[in-house]
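These are my notebook entries on one structure. I looked up its pocket, its rings and a few backbone angles.

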Amino acid sequence: MRILGVCSYKGTNYYGWQKQVGFISVQSVIEEVLSKVYDTTINITGSGRTDAGVHAIRQYFHFDTEKEKDLNQLAYSLNKMLPADIKIVSFEKVADDFHARYNAKRKIYEYRIVLKNKDPFQDQLAYVYPMDFDFDLFKSALDKFVGKHNYQDFTSKEEDEGGFIREIYKIKVDKKDNNISVVFEGNGFMRYQIRNMVGAALNIANKKENLDFIDYHLKEDKNREIISYKAPANGLYLVDVLYK
């Protein structure tokens with residue numbers, strides 16, 4: 001049978017979601033605990049990668065097993081065994097052909113910024129940003145990313161079978177006091193894409209670049225020129241993955 005799991009995690013102590021030789025990852029920690037509970041090797045497949053230091057509110061993964069277990073009890077047992085910065089939200093049975101990555105229709109991410117020169121309570125959970133900041137310019141810059149575009153200049157991915165084309169359905173920007181939240185919803189995001197988009201918008205907000213910087217880098221009829229602005233990982237959250 002195939003089981004779909006949902007987990008949340010604080011990514012500070014991990015080298016991203018995906019397991020890598022010589023580094024601790026969220027995937028490897030969950031697999032280790034699942035394998036102990038099932039008393040056999042369990043391999044899990046996530047809905048996608050998150051970079052080192054990136055957090056997740058709802059990350060999805062699936063795995064196969066021949067052993068029947070009470071899934072509520074399974075979640076309870078794993079949460080007793082997992083470190084405090086990883087939580088299993090739920091488990092459910094799904095169709096045998098369900099795939100946590102390939103069946104995903106939309107993904108939602110959030111980027112959090114705190115407009116302060118220093119904040120020890122937010123340091124690992126948001127980008128504490130001490131520079132000059134024009135909110136209207138920031139929002140205008142991000143608005144330019146809505147729609148279907150070629151994002152070749154906003155990702156470090158070397159090749160892409162989709163030609164670096166992605167569609168962002170909406171970007172919501174909120175500001176409350178010194179806290180800024182940017183929520184992205186799209187059909188998929190490439191490596192560093194959101195961090196590079198936020199980085200570009202921040203450098204427009206502090207007037208190092210003009211708004212036409214984004215127009216230029218979204219052009220399709222140009223050679224690839226990957227931008228050098230990348231917001232740090234600690235402000236980024238995978239919020240949800242939509243399968244319908």
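Pocket. I worked on a 1 Å grid over the protein atoms alone, where a pocket is an open set of points with protein on both sides within 12 Å along at least five of seven lines, while a cavity is a set where a 1.4 Å probe fits but cannot get out; lining residues have an atom within 4 Å of a point. The model is predicted, so I note that local features need pLDDT of at least 70 and side-chain atom pairs pLDDT 80 or more, whereas totals for chains, interfaces and linings use all residues. Residues are numbered from 1 along each chain as its sequence is written, and side-chain values use heavy atoms, without hydrogens or water.

I looked up the largest pocket and found about 1,200 Å³ of space in it. That volume is the space filled by probe spheres set on the points, with grid points joined across faces, edges and corners. Its lining has 40 residues; Gly48, Arg49, Arg101, Lys107 and Phe189 lie nearest the centre. I sorted the lining into 14 nonpolar, 13 polar and 13 charged residues. Here Ala, Val, Leu, Ile, Met, Phe, Trp, Tyr, Cys and Pro are nonpolar, Asp, Glu, Lys and Arg are charged, and the others, Gly among them, are polar. At least two lining residues come from each of β2 (45–46), β5 (106–114), β8 (165–176) and α4 (193–205). Elements are DSSP runs numbered from the N terminus: helices are H or I of at least four residues, strands E of at least two.

Helix α4. I checked its span next. Its 13 residues reach 18 Å from first C-alpha to last, close to the 18 Å expected at 1.5 Å a residue. The expected span is 1.5 Å times one less than the number of residues. I found 13 of the 13 residues of α4 buried, so the helix is largely enclosed by the rest of the structure. Buried means under 20% relative accessible area, exposed over 50%, partly exposed in between (1.4 Å probe, protein chains only).

Phi. Most residues other than glycine have a negative phi. Tyr192 is in the loop between β9 (179–186) and α4, and is buried at 18%. Phe164 also has a positive phi near 65°. I placed Phe164 in the loop between β7 (147–150) and β8, buried at 10%. Lys207, which follows α4, has a positive phi near 65°.

Rings. I paired rings of Phe, Tyr and Trp (its six-membered ring) with centres within 6.5 Å; planes under 30 degrees apart are stacked, over 60 edge-to-face, the rest tilted. I count 16 aromatic pairs by this rule. Tyr15 and Phe23 are stacked, 4.2 Å centre to centre with 15° between the planes. Tyr15 is partly exposed at 39%, and Phe23 is partly exposed at 45%. Trp17 and Phe61 have centres 6.1 Å apart and planes at 35°, so I call the pair tilted. This pair spans 44 residues, from the loop between β1 (2–9) and α1 (26–38) to strand β3 (55–64). Both Trp17 and Phe61 are buried. One aromatic cluster holds Tyr9, Trp17, Tyr38, Phe61, Phe63 and Phe91.

Charges over rings. I required NZ of Lys or CZ of Arg within 6 Å of the ring centre and within 35 degrees of the ring normal. Lys69 lies over the face of Tyr38, 5.3 Å from the ring centre. Arg106 has its charged end over the ring of Tyr169, 3.8 Å from the centre.
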